[in-house]
Amino acid sequence: MIWVTIGSVVGSLFRYLLGLALPSNKSGNLAANIIGVALASFFLVLMERRGITKYRLLLLPGFCAGLTTFSGVTFQALKPFDFGYLFETLIFSFITIAIVLPLSRKYVKVRS
């Protein structure tokens, strides 16, 4: 629980700083979610290939969950009734996974 909390605080602070850099809620939410999905995809491969399981709680349900903002996406999609924004976020997230997972599997070597 402590590791998830620490990771969540750091991820949330990173999200806050990203929001300062990208003041638009829509672009900030989209950027945070794409970065979070990319990092989570990379971390999953890294932990699997290197056997690093002790940082799982810190990085995935901690940092990446604190960084990503599904509630923000839902709010943005429902507030102006712009369901295209939700679709856009999902499509970009799936594209990110489709790119990052194979690249991570190619470049992160299995620990011998």
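Predicted model: local features only at pLDDT ≥ 70, side-chain atom pairs only at ≥ 80, totals over all residues.
Trainee: How many aromatic pairs does the structure hold?

Mentor: The general idea comes first. A pair of aromatic rings is described by the distance of the centres and the angle of the planes. This structure holds 2 such pairs. Take F14 and F63. Their ring centres are 6.1 Å apart and the planes meet at 50°, so this pair is tilted.

Trainee: Which helices do F14 and F63 lie in?

Mentor: F14 sits in helix α1, residues 2-21, and F63 in helix α3, residues 56-67. The pair therefore ties together parts that are 49 residues apart in sequence.

Trainee: Is F14 buried, partly exposed or exposed? And F63?

Mentor: Read the relative accessible area. Buried means under 20%, and exposed means over 50%. F14 has 36%, so F14 is partly exposed. F63 has 15%, so F63 is buried.

Trainee: What are the distance and angle for the rings of F42 and F43?

Mentor: The centres of F42 and F43 are 6.0 Å apart, with planes at 55°, so this pair is tilted. F42 has 31% relative accessibility, so F42 counts as partly exposed. F43 has 13%, so F43 counts as buried.

Trainee: On to charges. Which side chain of opposite charge is nearest to R15?

Mentor: R15 is found in helix α1. R15 is buried, yet has no salt bridge. E88 is the nearest side chain of opposite charge, and E88 is 13 Å away.

Trainee: What is R15 in contact with, leaving aside its neighbours within four places in sequence?

Mentor: R15 is in contact with G28, N29, A32, G66, L67 and T69.

Trainee: Where does K54 lie? Is K54 buried or exposed?

Mentor: K54 lies in the loop between α2 (25-50) and α3. Its relative accessible area is 61%, so K54 is exposed. K54 and W3 are 51 residues apart along the chain, while their C-alpha atoms are separated by 9.6 Å.

Trainee: Last one. Which residues make the nonpolar surface patch?

Mentor: For a patch, read the members and the area together. F87, I91, F92, I95, I99, L103 and Y107 make a nonpolar surface patch of about 700 Å². Take one of these residues, F92. F92 has its place in helix α5, residues 83-107. Its relative accessibility is 39%, so F92 counts as partly exposed.

Key: Residues numbered from 1 in each chain as written. Heavy atoms only, no water. Phe/Tyr/Trp six-rings, centres within 6.5 Å; stacked < 30°, edge-to-face > 60°. Helix = DSSP H or I, 4+ residues; strand = E, 2+ residues; numbered from the N terminus. Buried < 20%, exposed > 50% of the residue type's maximum accessible area, 1.4 Å probe, protein only. Lys, Arg positive; Asp, Glu negative; His and termini not counted. Salt bridge = Lys/Arg side-chain N within 4 Å of Asp/Glu carboxyl O. Contact = heavy atoms within 4.5 Å. Patch = residues over 30% accessible without salt bridge, like charges linked within 9 Å, V, L, I, M, F, W, Y side chains within 5 Å. Areas by Shrake-Rupley, 256 points an atom, 1.4 Å probe, with all protein chains shown as cover.
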